[in-house]
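My notes follow in the order in which I took them.

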Number of protein chains: 2
Amino acid sequence: MKIGELSRRTGVSVRSLRYYEQKSMLVSERTAGGHREYMEAAVDRVILIQQLLAAGLSGNKIASVLPCMRDHDGGPAETATPWLVEQLTAERDRINHSIDDLRRTREILDEVIATAAG
Amino acid sequence: MKIGELSRRTGVSVRSLRYYEQKSMLVSERTAGGHREYMEAAVDRVILIQQLLAAGLSGNKIASVLPCMRDHDGGPAETATPWLVEQLTAERDRINHSIDDLRRTREILDEVIATAAG
DNA sequence: GTTGAATCTGACACCGATGTGAGATTTTAC
DNA sequence: GTAAAATCTCACATCGGTGTCAGATTCAAC
């Protein structure tokens, strides 16, 4: 599949897909003329990248962790190194903290909304 | 209190405090010489601003919503306009979505960590 | 008064993800 | 073969929050 189709199927802009590749989060074959050619699995991969980005992980960490993740067709290609595990644990803590913060903020907004409604 | 003390007490940089004021999220009196002078309530206010920023609200929205919030000493100074309520509701939806996304991401990270540990 | 610390304004820099535009090349459809 | 659509690379722009530096001014303490 070419980059345009991958963009359409994932809802991610062509520009972003190229960016993901530049940051080693996404790989592609190249056609004789240099055009990118993606495997079917790229769709899931891109969606996953978006999710991790939305969760605040940096491109580098995403590129590090992707090979350690269970693929669509089986087990992970690699196992996380101790260093990576440490990084991921820190990310998880940060995420937990973010979730708590978001919950508190939601309560605050709810209160303002309720005050205006009541 | 002066800006340096406010910075120390909130852990927010002097630069950011000035930025908050520029974006109308924070107000200050001025001394004869032009130095900022803050009331005691500014401490809570700054912490609240940080929380809202961390939750992804823009400076403009924060400035809009702050007057509608219950202050330390009583009820809100203003009531949210219908427009603002609409905005805040959208923010709440976005926050709910973010929380879900973060939970999913956390599960993914947990899986990778568990795989590496096991 | 003098001096050192604090504060002032204003400007420029950065990061990360994405937008955008130019100009060249490739692919696709007829 | 030719025209149109898609893709290529490269570079510069944007946004929000913050860092940082420079030069001027003010405050606090002695």
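**Entry 1**

I checked B:Ser24 and found it partly exposed, with 13 other C-beta atoms within 10 Å. The count falls in between because a residue needs 20 or more such atoms to be buried and 12 or fewer to be exposed. The model is a predicted one, and I keep that in mind for every value below.

B:Ser24 sits in the loop between α2 (14–22) and β1 (29–30) of chain B. Its phi is near 65°, a positive value in a residue other than glycine.

I then turned to chain A. A:Ser24 lies in the loop that joins α2 (14–22) to β1 (29–30) of chain A. I read a phi near 65° for A:Ser24, again positive in a residue that is not glycine. A:Ser24 counts as partly exposed, given 13 C-beta neighbours inside 10 Å.

**Entry 1: α1 against α3 in chain A**

How are helix α1 and helix α3 of chain A packed? I noted α1 as residues 3–10 and α3 as residues 42–54, with an angle of about 55° and axes 10 Å apart. The two helices are therefore oblique to each other. The crossing of α1(A) past α3(A) is right-handed.

I listed the residues that make this contact. From α1(A) they are A:Leu6, A:Arg9 and A:Thr10, and from α3(A) they are A:Ala42, A:Val43, A:Val46 and A:Ile47. By class, the contact of α1(A) with α3(A) has five nonpolar residues, one polar and one charged.

**Entry 2: α3 of chain A against α5 of chain B**

Next I looked across the chains. The axes of α3(A) and helix α5 (residues 82–117) of chain B come within 9 Å, and they cross at roughly 110°. That angle makes α3(A) roughly perpendicular to α5(B), because 65 to 115 degrees is the range for that term. I recorded the crossing of α3(A) and α5(B) as left-handed.

Which residues make the contact between α3(A) and α5(B)? On the α3(A) side I found A:Gln51, A:Leu52 and A:Ala54. On the α5(B) side I found B:Asp101, B:Arg104 and B:Thr105. The contact of α3(A) with α5(B) divides into two nonpolar, two polar and two charged residues.

**Entry 3: the interface as a whole**

I took the totals for the two chains. In chain A, 31 residues are in contact with 32 residues of chain B. On the side of chain A that touches chain B, the elements giving two or more residues are α3 and α5 (82–117) of chain A. α5(A) gives the most to that side, with 21 residues.

I sorted the side of chain A that touches chain B by class and got 17 nonpolar, six polar and eight charged residues.

Note on methods
Residues are numbered from 1 along each chain as its sequence is written. Chains are lettered from A and ligands numbered from 1 in the order in which they are written. This is a predicted model: local features need pLDDT of at least 70, side-chain atom pairs count only at pLDDT 80 or more; totals for chains, interfaces and linings use all residues. Axes are lines fitted to C-alpha atoms, for helices over the stretch in contact, and angles run from 0 to 180 degrees between N-to-C directions. Helices (H or I, at least four residues) and strands (E, at least two) are DSSP runs, numbered from the N terminus. Angles under 35 degrees count as roughly parallel, over 145 as roughly antiparallel, 65 to 115 as roughly perpendicular and the rest as oblique. A crossing is left-handed if the near helix is turned anticlockwise from the far one by less than a right angle, and right-handed if clockwise. Two residues are in contact if their C-beta atoms, placed from the backbone, lie within 7 Å. Ala, Val, Leu, Ile, Met, Phe, Trp, Tyr, Cys and Pro count as nonpolar, Asp, Glu, Lys and Arg as charged, and the others, Gly among them, as polar.
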